[in-house]
Amino acid sequence: MITIATTLLVIVGTHFYRVHLCESILSKIDQLASHPPPDATDLEWAVHVYWTHNLHCNSMPLTYASTDALHGIEAELSDAMISQPGRATIDRLWDAYSEMTHLGAEYKLTYEHEKNRIAEVVALKGLRYEYIEDYRSFAGSRGSK
């Protein structure tokens with residue numbers, strides 16, 4: 001009986017740890033919006049962050065990713081926040097999700113080109129994000145949970 005209870009406790013504890021880790025990663029992705037690189041407009045950067053948020057959710061890392069892979073993503077995001085995130089950060093994240101889960105690979109194959117196309121149109125047309133503070137507020141509220 002003790003063995004069964006211990007096993008269930010480990011399974012439940014591991015699941016909640018992975019949920020917390022995935023939420024932490026998603027919060028860090030959202031926080032990227034507050035740190036646009038100097039070579040991108042707020043809107044162009046928000047396009048990359050928005051699509052990366054969707055990549056995380058659609059890759060289903062809670063179900064399919066190893067804990068080590070999740071820790072790698074979290075470390076990448078933490079390092080980026082210290083050193084100033086940029087387009088290379090986004091590209092590394094997309095590569096990592098592609099390697100982490102089969103759904104990440106499918107999402108990258110299907111949507112990375114579209115993400116880049118939209119960001120390019122935003123940059124070429126000089127479109128501005130009038131309400132970037134709304135996105136930053138959203139990102140900040142996710143981080144304070």
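This is a predicted model: local features need pLDDT of at least 70, side-chain atom pairs count only at pLDDT 80 or more; totals for chains, interfaces and linings use all residues.
The sulfur of Cys57 lies 9.6 Å from the closest cysteine sulfur, that of Cys22, which is too far for a bond. A disulfide is a covalent bond between the sulfur atoms of two cysteines. A pair of cysteine sulfur atoms counts as a disulfide within 2.5 Å. Seen from the other residue, the closest cysteine sulfur to that of Cys22 is in Cys57, and the distance of 9.6 Å is too far for a bond. The structure accordingly holds 0 disulfides. The two cysteines may also be described by their surroundings. Cys22 has a relative accessibility of 8% and therefore counts as buried, whereas Cys57, at 39%, counts as partly exposed.

The description now turns to the protein as a whole. The protein has 7 helices and 0 strands, so that, from the N terminus on, its elements run α-α-α-α-α-α-α. Of its 145 residues, 39% are buried. Among the contacts in the protein with a separation of 6 or more, 80% are between residues 24 or more positions apart. The accessible surface comes to about 8,400 Å², and carbon and sulfur atoms account for 59% of this surface.

After helix 6 comes Gly126, whose phi is positive, near 65 degrees.

Which residues of helix 6 are buried? They are Leu103, Gly104, Tyr107, Lys108, Glu112, Lys115, Ala119 and Val122. These buried residues pack against helix 2 (42–59), helix 3 (61–64) and helix 5 (87–100).

His48 is found in helix 2, and its relative accessibility of 2% is the reason why it counts as buried, since buried means under 20%. What does His48 contact, leaving aside its neighbours within four places in sequence? The residues in contact with His48 are Arg87, Ile90, Lys115, Asn116 and Ala119. Two of these, Lys115 and Ala119, are also among the buried residues of helix 6.

Conventions:
Residues are numbered from 1 along each chain as its sequence is written. Side-chain values use heavy atoms; hydrogens and water are left out. Helices (H or I, at least four residues) and strands (E, at least two) are DSSP runs, numbered from the N terminus. Buried means under 20% relative accessible area, exposed over 50%, partly exposed in between (1.4 Å probe, protein chains only). Contact means heavy atoms within 4.5 Å. Accessible areas come from the Shrake-Rupley method with a 1.4 Å probe; for residues, only the protein chains shown count as cover.
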